[in-house]
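Have the model open as you read.

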Amino acid sequence: MIRLAYKNFLRFCHVNMLFFFLSFLCLVCAFGCFLFIQERAYYMYTVNVESNQDTRVLYFTCNDTNAIQSLYAKLENDSVLPKMTIVTVSDENYTGLYWDGKLIKEVLYTPYGRFFSTEEMDSGDVVALLGTDYFTNLSQENLDTIWTTGIDINGTHFNVIGNYFFDFPKDSITENFYEFAVVQTTITIPLRTYFDFGLAPERFRCVFSQPLTSTQITHLSDILQSVDNIQSLSLPKSFEANAVYSYIDGIIPYIAVLLLSLLSSISVILYWLRKEFARYRIYLICGAKGRQIAFLISVNIALLVTAAYVCACLAIFELTQITPHGLVSALPWQFYILIYIGVMIFTLLAVNIRAIPIVFREKMLQK
């Protein structure tokens with residue numbers, strides 16, 4: 001039966017070449033446009049995931065300064081949890097920051113000067129970055145000399161090596177700000193330096209290198225529950241809810257467009273298939289069952305959809321390579337399979353629902 005259906009498809013395409021190409025082109029265009037839109041939505045999803053980091057961020061406050069340093073050491077050496085790529089501790093005046101330059105190539109943007117080097121963070125050098133708000137309180141003379149004179153922190157001289165955008169007066173900052181901000185005050189120093197100088201952190205924030213699983217989140221919760229003074233705890237989420245919802249909102253209108261495009265293409269496909277209906281009526285007269293006719297129609301549609309989808313994927317792969325960075329992102333391979341299955345089921349159902357009654361009706365009219 002499969003061999004007969006395959007031979008019929010090849011003969012049918014050869015005899016009705018024009019309508020085959022028309023149907024094929026309609027499907028390729030519909031699939032190609034939809035895949036490109038999916039890649040655009042997926043790129044926006046990855047951007048939201050990277051900016052929100054809901055599945056990788058841990059934040060809490062604690063009035064026990066020793067507990068924060070102890071927890072940091074425990075999390076840093078924990079074999080169950082992913083590596084921490086960014087760690088922030090802060091009090092009202094100072095921020096201690098660690099940034100893994102090996103895992104995250106793009107460091108904190110410094111309009112003037114530079115960011116901490118890996119060596120400075122590992123060795124705990126006396127260097128500092130200043131927020132832009134810090135400069136608003138300096139005289140013109142100090143503005144000109146601060147890059148050479150540096151600043152004093154608890155009686156120790158720190159070299160100022162760069163600055164960063166920070167225009168948030170203390171009285172305007174809410175707790176939500178600390179949960180999402182990498183730098184939390186107008187003065188930032190390396191994390192090791194912060195601990196070595198005995199500063200007293202009140203807040204802890206870290207970003208793990210990858211999303212935490214449910215098991216890892218439970219393990220992390222157990223570690224934190226061993227400390228009594230933790231407050232304002234925010235554990236990593238099990239999935240990026242905001243990013244997923246934005247992705248769904250972004251593709252729903254285009255799914256409707258795809259369905260309309262497929263319905264329009266189905267009209268062309270049906271006109272193409274009508275050339276074969278006479279053969280199916282002969283099969284029915286010879287004793288073929290309705291399910292066998294549906295199988296023959298389905299094989300024709302499945303082969304046509306598969307060929308069109310493969311061509312659309314190849315075209316989109318090439319288009320993705322030449323598309324400017326920051327516009328689209330290639331989908332995970334599982335997405336292409338799911339989309340293929342979805343359009344295949346929809347097309348098979350739509351064509352069979354419309355084609356089979358036509359075959360049987362015309363057979364009954366001939367009787």
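What follows is a short tour of the salt bridges and of the surroundings of one asparagine.

First, some ground rules. This is a predicted model, in which local features need pLDDT of at least 70 and side-chain atom pairs count only at pLDDT 80 or more, while totals for chains, interfaces and linings use all residues. Residues are numbered from 1 along each chain as its sequence is written, and side-chain values use heavy atoms, with hydrogens and water left out.

How many salt bridges does a search of the whole structure find? The search returns five, where a salt bridge is a side-chain nitrogen of Lys or Arg within 4 Å of a carboxyl oxygen of Asp or Glu.

Start with Asp100 and Lys83, whose closest N and O atoms lie 3.7 Å apart in a salt bridge. This pair links distant parts of the chain, 17 residues apart: Asp100 sits in the loop between strand 3 (94–99) and helix 4 (118–123), and Lys83 in the loop between helix 3 (65–76) and strand 2 (84–90). Helices (H or I, at least four residues) and strands (E, at least two) are DSSP runs, numbered from the N terminus. Asp100 counts as buried because its relative accessibility is 6%, whereas Lys83, at 44%, is partly exposed. Here buried means under 20% relative accessible area, exposed over 50%, and partly exposed in between, with a 1.4 Å probe and protein chains only.

Next come Glu120 and Arg114, which form a salt bridge with closest N and O atoms 2.8 Å apart. Glu120 is buried at 9% relative accessibility, and Arg114 is partly exposed at 38%.

Now turn to helix 8 (residues 191–196). There, Asp196 and Arg192 are four residues apart, so about one helical turn separates them. Their side chains meet in a salt bridge (3.8 Å, N to O). Asp196 is exposed, with a relative accessible area of 53%, while Arg192 is partly exposed at 45%.

Finally, find Asn163 in strand 6 (residues 156–164). Is this residue, Asn163, buried or exposed? With 9% relative accessibility, Asn163 counts as buried. The Asn163 side chain reaches the backbone nitrogen of Tyr112 at 2.9 Å. Leaving aside neighbours within four places in sequence, Asn163 is in contact (heavy atoms within 4.5 Å) with several residues, among them Tyr109, Pro111, Tyr112, Leu129, Phe135 and Trp147.

Terms used: A polar contact is a pair of N or O atoms within 3.5 Å; within protein, one must be able to donate a hydrogen and the other to accept it, and residues adjacent in sequence count only if both atoms are side-chain atoms.
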